[in-house]
Amino acid sequence: MAVRAAVLGCGAAGGLLLLAWCDSLLLALLLGSFLTWSWLIDWCRGATCTSRASLQGKLALVTGANTGIGKETARGLAARGAKVVLACRDVKKGEAAANDIRVQGGIVEVMHLDLASFASVRTFAKEFAAKFAKLDILVNNAGIAFHPKQLTEDGHEQVMQVNHLSHFLLTNLLLELLEAAGRARVVNLSSLAHTWAKQGIQWDDLKWEQKPFDSWAAYGQSKLANVLFTRELARRQARSGVTVYAVHPGAVSSELGRAYEARIPAFLRTYVTDLSKVFLKTAEGGAQTSLHCAFAECAEGETGKYYSDCAVKAVTSQGMDDKQAKKLWEVSKGIVGDISPLKPSRNPEPQIGRASCRERV
């Protein structure tokens, strides 16, 4: 993508200079405006996963796969031959998404998972482990943002529980299935919003009982937790064959911001939404980095890193703090309780393949 952009940019610049040289300033201005707009839209869309990997014989699990980025991630994995389990809170919507993917030849099934309930996570993990012998790809995709303060049935602030704590529990419970795959990958959906947590995670007030609730800060802290969890899990799994990635999907037009959209006055909402969509990625575009980290061979040695637009990107100093990553692990473990991995089913394991990564020019 970078090479293509450079070639097009040089060609466009040359054409504009030629027009200007020939005194066609108006035409050069019009062409320049068109090219600038095209470049802006292309830049907003971001990179595309170019791997030609076959995922035949692999098993993938995607949380929150009934809509948006999760659905498109599941679709992309299924299109490459993986069997995909869609873990969804709303099973009816999950089945609708599954049927949509099946029409294109994908092999998918739906299982119920409510990340606002640790009991639901444990029930799901137990059923999953009883059914499958291994897990090749785990995409911790589900998330919520900008909701009013609300405590879950477990008594924890819902954004932190849904976005981090329940995924922390789920991943640990399925670790032996991941290790059984030989070369497995865990993709944690983080966000550029991790940079909002400039003071790190407020360890002394995770439930927002002392400070006035700030939905932006709560979301930013949960996304920082995703980065730190990725870092610590990668350290702990360094010799197991399980690699871990934190992903910023980009600015995506999805249902994640529906709670924030609701705050916009009704008479402006349609105009603001329609205008913003011009500059936002589609859900398919937002899934590209998740797909890249899930199977591209060139990402295999980059465990523990933070990705955006299918490339490693820098994180804040808070996101690189190993002491905070270890603390998050211990605090999370204290909250969720027993994280002992479940034993995989004794069903025969599918053959494990390898992925490849090619640059599209």
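**Entry 1. Cys-310**

I looked up Cys-310 and found it in the loop between strand S7 (305-308) and strand S8 (311-312). Helices and strands here are DSSP runs numbered from the N terminus, helices being H or I with at least four residues and strands E with at least two. I noted a positive phi for Cys-310, near 60 degrees, in a residue other than glycine. Cys-310 has a relative accessible area of 15% and is therefore buried. I use buried for under 20% relative accessible area, exposed for over 50% and partly exposed for in between, with a 1.4 Å probe and protein chains only.

**Entry 2. Model and confidence**

The model is predicted, so I note its limits: local features need pLDDT of at least 70 and side-chain atom pairs count only at pLDDT 80 or more, while totals for chains, interfaces and linings use all residues. Residues are numbered from 1 along each chain as its sequence is written, and side-chain values use heavy atoms, with hydrogens and water left out.

I read pLDDT as the predictor's confidence in each residue, from 0 to 100. The protein averages 83, and 74% of the residues score at least 70. Residues 1-5 are one of them, with ten contacts beyond four places in sequence. Residues 348-361 are also under 50, and for these the model has 42 contacts beyond four places in sequence. A contact means heavy atoms within 4.5 Å.

Phe-146 sits in the loop between strand S4 (137-140) and H6. With a relative accessible area of 11%, Phe-146 is buried.

I then searched the whole structure for aromatic pairs and got twelve. Rings of Phe, Tyr and Trp (for Trp the six-membered ring) pair if their centres lie within 6.5 Å; planes under 30 degrees apart count as stacked, over 60 as edge-to-face and the rest as tilted. Trp-196 and Trp-216 have ring centres 5.0 Å apart and planes at 40 degrees, so I logged the pair as tilted. This pair links distant parts of the chain, 20 residues apart: Trp-196 is in the loop between strand S5 (184-189) and H8, and Trp-216 is in helix H8. Trp-196 is partly exposed at a relative accessible area of 38%. Trp-216 is partly exposed too, at 35% relative accessibility. Ring pairs join Phe-146, Trp-196, Trp-216 and Tyr-219 into a cluster.

**Entry 3. Ser-190**

I located Ser-190 in the loop between S5 and H8. Its relative accessibility is 3%, so Ser-190 counts as buried. A polar atom of the Ser-190 side chain lies 2.9 Å from the backbone oxygen of Lys-223. Not counting residues up to four places away in sequence, Ser-190 touches Lys-223, Asn-226, Val-227, Ala-246, Val-247, His-248, Pro-249 and Tyr-306.

**Entry 4. Ser-120**

Ser-120 lies in helix H5 and counts as buried at 13% relative accessibility. Leaving aside neighbours within four places in sequence, Ser-120 is in contact with His-112, Leu-113 and Asp-114.

**Entry 5. Helix H12**

I looked at how covered helix H12 (residues 288-295) is, and eight of its eight residues are buried. Among them are Gln-288, His-292, Cys-293 and Phe-295. The cover over the buried residues of H12 includes helix H3 (68-79), S4, S5, strand S6 (242-248), helix H11 (283-286) and S7.

**Entry 6. Helix H13**

I took the span of helix H13 (residues 322-336): 15 residues reach 21 Å from first C-alpha to last, close to the 21 Å expected at 1.5 Å a residue. The expected span is 1.5 Å times one less than the number of residues. Its buried residues are Ala-325, Leu-328, Trp-329, Ser-332 and Val-336. Seen down the axis of H13, these fall within an arc of 100 degrees, so they line one face of the helix. The arc is taken over the directions from the helix axis to the C-beta atoms.

The face of H13 turned away from the buried side carries the exposed residues Lys-323 and Gly-334. The cover over the buried residues of H13 includes helix H5 (118-131), helix H6 (158-173) and helix H8 (215-236).

I also checked both ends. At the start of H13, a side-chain oxygen of Asp-321 comes to within 3.0 Å of the backbone nitrogen of Lys-323. Gly-337 follows H13 and has a positive phi, near 90 degrees.

Key: Polar contact = N/O pair within 3.5 Å; in protein donor to acceptor, adjacent residues only side chain to side chain.
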